[in-house]
Amino acid sequence: MRVPRIFTAQPLAPHGQFQLEPGPSQHLSRALRMGPGDRLTLFDGGGGEYPATISAVDKKAVRVQTSEHVQVERESPLAVELGIAISRGERMDLVIQKATELGVTAIAPLFSERTEVRLKGERAGRKQQHWQQIAVSACEQCGRNRVPAIAALMNLEDWVGQVEARCRFVLHHRAGPGGESGSRPDSAALLVGPEGGLSDGEISGALAAGFEAMQLGPRVLRTETAPLAALAILQARWGDMGPGD
């Protein structure tokens, strides 16, 4: 059986005894039916990972014993921040899961002029937590030891005004090919609209803020397809995807 990878929010240390949170504990004991002596890998988001062994299982929690810290990283040299207008149904969940697998370092869910989903207050907070857990689960699956941060929901204009990435791109199907900036950057930002696309005013605002228009081809891609295609292109061009990587 493949050794499971588990994220814990508590700081880990070599040769320590730790009681895992209820969620991971239930997953290990009930879903995977693991018990004392079984091996797993733990990470806390601070970098690297810890081989560990289950020392005890009870009705409420799983206790583990860590061994030496392994300083292994699977992060891309290109730090990409994704700003994406929130979409309906499970589309946003899919984007966050796959964007995490593709190496994105931060995700900002945005309200845009054509966003049809309205979230505020406690409901918005619950959604943010839900999306953060999706990113955690994706890291457990794909081998990453650093979890992308999911920002609190904000207006698109606010995000555009605070982005500091060296290269910035706004996707829209009316643009030219774009994305051909010269020297290899170490950071990038990507802005993607909702199902109805970005308005002309939002595109103009992004361009005025230093974003470069980027188009992915002659076909109009869905809101859950476009960011994943763009991320793959950026990682292949400047990150760690491609021949020999």
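## Terms and model

Two strands pair if DSSP finds at least two bridges between them. Strands (E, at least two residues) and helices (H or I, at least four residues) are DSSP runs, numbered from the N terminus.

This is a predicted model, in which local features need pLDDT of at least 70, side-chain atom pairs count only at pLDDT 80 or more, and totals for chains, interfaces and linings use all residues. Residues are numbered from 1 along each chain as its sequence is written, and side-chain values use heavy atoms, with hydrogens and water left out.

## The sheet

Five strands make an open sheet. Their order is β1-β3-β4-β5-β2, and the pairing is mixed. β1 and β2 are the edge strands; each has a single partner, so one side of each lacks a neighbour in the sheet. On average, neighbouring strands are turned by 40° against each other, direction ignored. Axes here are lines fitted to C-alpha atoms, for helices over the stretch in contact; angles run from 0 to 180 degrees between N-to-C directions.

## Strand pairs

β1 and β3 run parallel, with three bridges between them. R5 has T41 of β3 as its bridge partner. β3 and β4 (residues 50-57) are antiparallel and share four bridges.

I54 has V64 of β5 as its bridge partner. Four residues link β4 to β5 in a hairpin.

Contact means heavy atoms within 4.5 Å. Helix α3 (residues 121-142) packs on the sheet too, touching β1 and β3. The direction of α3 makes about 150° with that of β1.

## Two loop residues with positive phi

H15 sits in the loop between β1 (5-7) and β2 (17-19). Its phi is near 55°, a positive value in a residue other than glycine. H15 counts as exposed because its relative accessibility is 51%. The cut-offs are under 20% relative accessible area for buried, over 50% for exposed, and partly exposed in between (1.4 Å probe, protein chains only).

R33 lies in the loop between α1 (22-31) and β3 (39-43). R33 is not a glycine, yet has a positive phi of about 55°. With a relative accessible area of 72%, R33 is exposed.
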